[in-house]
Amino acid sequence: MDASHITSELTRVLYTNDQVQARLAEIAGEIDAEYADSDLLLVGVLNGAVMVMADLSRHLTSHVQMDWMAISSYGSGTQSSGVVRILKDLNTDIEGRHVLVVEDIIDTGLTLAYLMQNLQSRKPASLEIMTMFRKPEAIKSPVDVKYVGFDLPNEFVVGYGLDYAGRYRNLTDVGTLAPHVYS
Ligand SMILES: O=P(O)(O)OC[C@H]1O[C@H](OP(=O)(O)OP(=O)(O)O)[C@H](O)[C@@H]1O
Ligand SMILES: Nc1nc2[nH]cnc2c(=O)[nH]1
């Protein structure tokens, strides 16, 4: 059984897994074309980007490498703390590499503003961002995002890697939580 049995805990499904996969296939086509002559390194931001990384990379037809960073910007609640810390750094030296950062969601843009500045200082040949979801605040952020899956309304969502207090990441659809879950 997959995780779809917990779909009843969502008030509203915003994107189904089928919609997510279809959009990822489109984006993968763009990435394949853009990086046809490059040795691309995908950098996933733990924990949320695990699902996007796994699915996006398998929609790609070109060879890619993968590495991971863990960055903390949120506690167990639903608001940004504004505090960004590296919990796990890359294993790869990215100097001279073509790097695509893979995120599940951009909300305030605080996490990526910090991360991009940090990664840029390591002198990659190119540095771009792919995010599955983007919230309205993020559009005001100075961080330039090359590939966006879907724009979301300004609501707290879970599923497809996105958690509430550590749960719901394995929900295949993405949606808003039912009120009884918060209480
Ligand atoms: O644009 P921002 O407002 O900075 O928010 C975006 C960040 O928040 C989420 O991570 P979170 O800190 O919740 O960790 P997680 O990936 O382990 O769930 C998400 O994966 C982004 O990294
Ligand atoms: N789970 C989850 N994490 C986030 N981080 C920033 N925005 C969100 C959101 O809507 N849901």
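**The shell around ligand 1**

Tutor: At least two residues each are supplied to the shell around ligand 1 by β2 (40–46), β3 (64–74), β5 (98–106) and α3 (110–120). Helices (H or I, at least four residues) and strands (E, at least two) are DSSP runs, numbered from the N terminus. The model is predicted: local features need pLDDT of at least 70, side-chain atom pairs count only at pLDDT 80 or more, and totals for chains, interfaces and linings use all residues. Residues are numbered from 1 along each chain as its sequence is written, while chains are lettered from A and ligands numbered from 1 in the order in which they are written.

In total, 18 residues surround ligand 1, and the closest are N47, G48, D107, T108 and T111; a residue counts as near if its C-beta atom, placed from the backbone, lies within 6 Å of the molecule. The largest share, four residues, comes from β5. Sorted by class, the shell has six nonpolar, eight polar and four charged residues. Here Ala, Val, Leu, Ile, Met, Phe, Trp, Tyr, Cys and Pro are nonpolar, Asp, Glu, Lys and Arg are charged, and the others, Gly among them, are polar.

Now follow β5 to its partner. β5 and β6 pair in the parallel sense over eight bridges, where pairing requires that DSSP finds at least two bridges between two strands. One of these bridges joins V99 to L127 in β6. From β5 the chain crosses through α3 to β6, in a right-handed β-α-β crossover (with the strands pointing away from the viewer, the path from the first strand over the helix to the second runs clockwise).
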